[in-house]
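Okay, everyone, let's get going.

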Amino acid sequence: MAVVHRTASSAEIRAAVGTTETQRTVTNRLLQGQLRARRPVACIPLTPNHCRLRREWCQARAHWRTEWRSVAFSDESRFCLGASDGRVLVRTRTGERLQPTCL
């Protein structure tokens, strides 16, 4: 079921199969089958114009030294301690990241 319905959560798989196993056990079994929950890849096609503009932007800032000291970066990690945060995850095996069913 996890391979056919890539976006099914472990709770949905547990309910569909009708097992008395815990949700964590279902997740562990999926991991043993090398099916991991990942965010789907968003492939944005870059036109030649996009590539040119990105290259020009990088070349214009290639020699910045002092300007980059004032730039702050953040990984913006999300933490959800309660119920589901509504994000859609896709179950994938190693090497399946860019297949059409995982996008």
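Before anything else, a word on how I talk about burial: buried means under 20% relative accessible area, exposed means over 50%, and partly exposed is in between, with a 1.4 Å probe and protein chains only. What you're looking at is a predicted model, where local features need pLDDT of at least 70 and side-chain atom pairs count only at pLDDT 80 or more, while totals for chains, interfaces and linings use all residues. Residues are numbered from 1 along each chain as its sequence is written, and side-chain values use heavy atoms, with hydrogens and water left out.

So, tryptophan 68. At 32% relative accessibility, tryptophan 68 counts as partly exposed. You'll find tryptophan 68 in the loop between α3 (48-60) and β2 (90-92); helices here are DSSP runs of H or I with at least four residues, strands are runs of E with at least two, and both are numbered from the N terminus. Trp68 also belongs to a nonpolar surface patch of about 530 Å², together with Trp57, Trp64, Val71 and Phe73. For patches, I take residues with over 30% relative accessible area and no salt bridge, joining like charges within 9 Å and nonpolar side chains (Val, Leu, Ile, Met, Phe, Trp, Tyr) within 5 Å. The areas come from the Shrake-Rupley method with a 1.4 Å probe, and for residues only the protein chains shown count as cover.

Now the overall layout. The chain has three helices and two strands, running α-α-β-α-β from the N terminus. Of its 103 residues, 16% count as buried. The chain exposes about 8,700 Å², and carbon and sulfur atoms supply 54% of that. On contacts, meaning heavy atoms within 4.5 Å: among those between residues at least 6 apart in sequence, 65% join residues at least 24 apart.

Next, how do the axes of α1 and α2 cross? The axes of α1 (residues 10-17) and α2 (residues 23-32) come within 9 Å and cross at roughly 100°. That makes α1 roughly perpendicular to α2, a label that covers 65 to 115 degrees; under 35 is roughly parallel, over 145 roughly antiparallel, and the rest oblique. The axes are lines fitted to C-alpha atoms, for helices over the stretch in contact, with angles from 0 to 180 degrees between N-to-C directions. Ser10, Ala11, Ile13 and Arg14 of α1 make the contact with Gln23, Val26, Thr27 and Leu30 of α2.

Staying with α2, its Thr25, Val26, Thr27 and Leu30 are buried, and the buried residues of α2 pack against α1 and β2. After α2 comes glutamine 34, with a positive phi near 60°.

Last stop: threonine 94, in the segment after β2. At 76% relative accessibility, threonine 94 counts as exposed.

Okay, over to you.

Note on methods: Salt bridge = Lys/Arg side-chain N within 4 Å of Asp/Glu carboxyl O.
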